[in-house]
Each structure stands twice: as structure tokens, then as C-alpha cells.
Amino acid sequence: MEEQSFLLELPVGKLMKKYAIPCIISLLVAALYNIVDQIFIGWGVGAAGNSATNIVFPLTVLALAVATMIGDAACSFVSIRLGCGDEESANRATGNAIVLTLLSGLVLMLVFLAFSAQILWMFGANDKMDAATRRYAADYFFWIAVGIPVYMFGQAMNPIIRSDGAPRLAMIATVSGAVANVILDPIAIFVLHWGVMGAAIA
């Protein structure tokens, strides 16, 4: 854990700026992931690709909800323990959050993969939908499911990094991921011709 003395020394107004601005930027940038995917898929694949990704999107929201629950709860506890000078408990809570996030991510991934056909059918990829869109949805679903543990780990660790006194580092981590997505999406879709699968991998 980083040195926390500045939390005791800086005025509340400066602390709010130090924490609030990077947090707001991180949330705005995180929202761009799906927007960027939709733009490039729309250009490279078409409306069927956009429909397919929208079928899968609620599953990423579910993973985000679990990761946020773990990350925000750990963030609060870590902040309280650091404020009490109990660095050992803060470190232990961070370790527990990492383990819980990875286990939750693996469980969700396995559930998604084991019941992929049923989940896709429930969300609309059924006989009422054309075969191309169902195929795109299945491709996108598989790669999103495989990436769920990594996605959840990043989302859960972000608030914990902020609670450790490094809001700018948390922001940089989020922004760098979004920038990589913007760069990799057109490469995967237009150069490698991977379609919606390319957007998921990117």
C-alpha cells in the first residue's frame, strides 16, 4: 500500500479534485468500450453484428455488477482500515478481493460457456432471428465469456487502486485499455476480417 499521509494533510477540496476528476474520466472512458465496438461493428459487419452484440451486452453488465460489488466493498474497507492505521487488514482485504474476483470471474465464465445456447436463446437469439445474427451472437458471446475473468479483475481492482491513494493510476489503466480497444477494433475487424469475434477479442 502506498503512503497515505497526504490524505491527512491536504484540504478536502483538493482531495475531491484529486479523486473525483480521475474517477469521472475513468467512468466516461469505460462507457466508450461498447460505443466504439458498436461503431466499428456497424461499419465492418452491419446491423446484424450490432444486433448480435446487443444480445450479449447484458451479460457483461452482470459481470460488471459483481466486480463492482467486490471492488467497491473492498475499497471502502481498505480506506477505513488505512484511516485507522491498520495496514495489515487493508492488505489482507485487497488479497481477499483479488481471490474473490478471480473465482467469481471463473464461475461466471464456466456458467456462461456451459449454458451458452440457453442464455443466447433467452436473450433473443432464437428461431425468430435470422441465422447470420445468431451466428454473430454465438461468436461474440464465446469470446466475451472467455474474457470475463480478466474484465472483472480490472473493474474490481480499479476502485481498490483509488483507495490506495493512486486515483491517477486507476484512470490511466482504464484509459489505456480504451485506447487499445480503439486501435485493435479496426485491425481485428477490417484487417484480419474477424467480424464481431474481432471486436470481442479486441
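In the predicted model examined here, E88 is exposed, with a relative accessible area of 58%, where exposed means over 50%, buried under 20% and partly exposed in between, for a 1.4 Å probe and protein chains only. The side chain of E88 forms a salt bridge with that of R92 at 3.6 Å, N to O, a salt bridge being a side-chain nitrogen of Lys or Arg within 4 Å of a carboxyl oxygen of Asp or Glu. R92 is partly exposed, at 45% relative accessibility, and both residues lie in helix α4, 4 residues apart, about one turn of the helix; helices are DSSP runs (H or I, at least four residues) numbered from the N terminus. An α-helix has 3.6 residues a turn, so residues three or four places apart point the same way. A salt bridge also joins the side chains of D86 and R81 (3.1 Å, N to O).

Residues are numbered from 1 along each chain as its sequence is written. Because the model is predicted, local features need pLDDT of at least 70 and side-chain atom pairs count only at pLDDT 80 or more, while totals for chains, interfaces and linings use all residues, and side-chain values use heavy atoms, with hydrogens and water left out.

Helix α7 (residues 167-191) comprises 25 residues and reaches 36 Å from its first C-alpha to its last. A kink of about 25° occurs at L184 in α7, shortly before the proline P186, the bend being the angle between axes fitted to the seven residues ending at a residue and the seven starting there. The buried residues of α7, among them A170, M171 and I189, pack against α2 (12-44), α6 (131-163) and α8 (195-201).

Terms used
Helix = DSSP H or I, 4+ residues; strand = E, 2+ residues; numbered from the N terminus. Expected span 1.5 Å × (residues − 1). Contact = heavy atoms within 4.5 Å.
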